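Please report on the fold, surface and side-chain pairing of this protein. Keep it brisk, and give the cut-offs behind each term.

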Amino acid sequence: MNLHQRTSARRRGPLSPECEKPLQPNSAGNDLESSLLQIFTDHHRTSLRLRETTVIETEKAKKEAVRVADLLVDEVNGGVQESFVNEKRIEMEIRGLAASIVRFMKQSDQWLTATHSINTAIKEIGDFENWMKTMEYDCKSITTAIHNIHKE
């Protein structure tokens, strides 16, 4: 395979294993062509090694990036999960407090009704006491009047 064939093969894609073999100088002893072929072959091998190294480093970088991304996602998800748990706990406390508020409202209404009943009873007692005093005064007035009439 001569230099032109190798260059054409390179443009088409990866070289076959036979292209990676060092070229033998032709029998005519053309040292310049042989040297150029040797430089080309060395360059090609170096390029292949560099590509392989780059591919390996790229894969390592991708794996590291995926690992870092996973760690970041886990860290963010941990915070989100903690917030979710706290939200659920707060919602449960809100429900409990709402139930307590309803219970306390009912109890307050009962106390208000009882207080109103007591106030009404006290007013009635006060009214009865006032009526009794009025009756007592009237009775005394009548008794005094009857006494005065009998004395005369």
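Phenylalanine 128 is found in helix α2, which covers residues 31–151. Helices here are DSSP runs of H or I with at least four residues, strands are runs of E with at least two, and both are numbered from the N terminus. The model is predicted: local features need pLDDT of at least 70, side-chain atom pairs count only at pLDDT 80 or more, and totals for chains, interfaces and linings use all residues. Residues are numbered from 1 along each chain as its sequence is written, and side-chain values use heavy atoms, with hydrogens and water left out.

Phe128 counts as partly exposed because its relative accessibility is 48%. Buried means under 20% relative accessible area, exposed means over 50%, and partly exposed lies in between (1.4 Å probe, protein chains only).

## Overall fold and surface

The protein has two helices and zero strands. Of its 152 residues, 9% are buried. Take the contacts with a separation of 6 or more: residues 24 or more positions apart account for 39% of them. A contact means heavy atoms within 4.5 Å.

## Salt bridges

Side chains of opposite charge can pair when their charged atoms come close. The whole structure holds six salt bridges. Each needs a side-chain nitrogen of Lys or Arg within 4 Å of a carboxyl oxygen of Asp or Glu. One of them links Lys62 to Glu59, at 3.9 Å from N to O. Both residues lie in helix α2, three residues apart, about one turn of the helix. Lys62 is partly exposed at 47%, and Glu59 is partly exposed at 37%.

Another bridge joins Arg89 and Glu93, at 3.5 Å from N to O. These two are four residues apart in helix α2, so about one helical turn separates them. Arg89 is partly exposed at 45%, and Glu93 at 46%. Lys140 and Glu136 also meet in a salt bridge, at 3.6 Å. They too are four residues apart in helix α2, so about one helical turn lies between them. Glu136 is partly exposed at 44%.

## Aromatic rings

Where does the charged end of Arg103 sit? It sits over the ring of Phe104, 5.0 Å from the ring centre. The rule asks for NZ of Lys or CZ of Arg within 6 Å of the ring centre and within 35 degrees of the ring normal.
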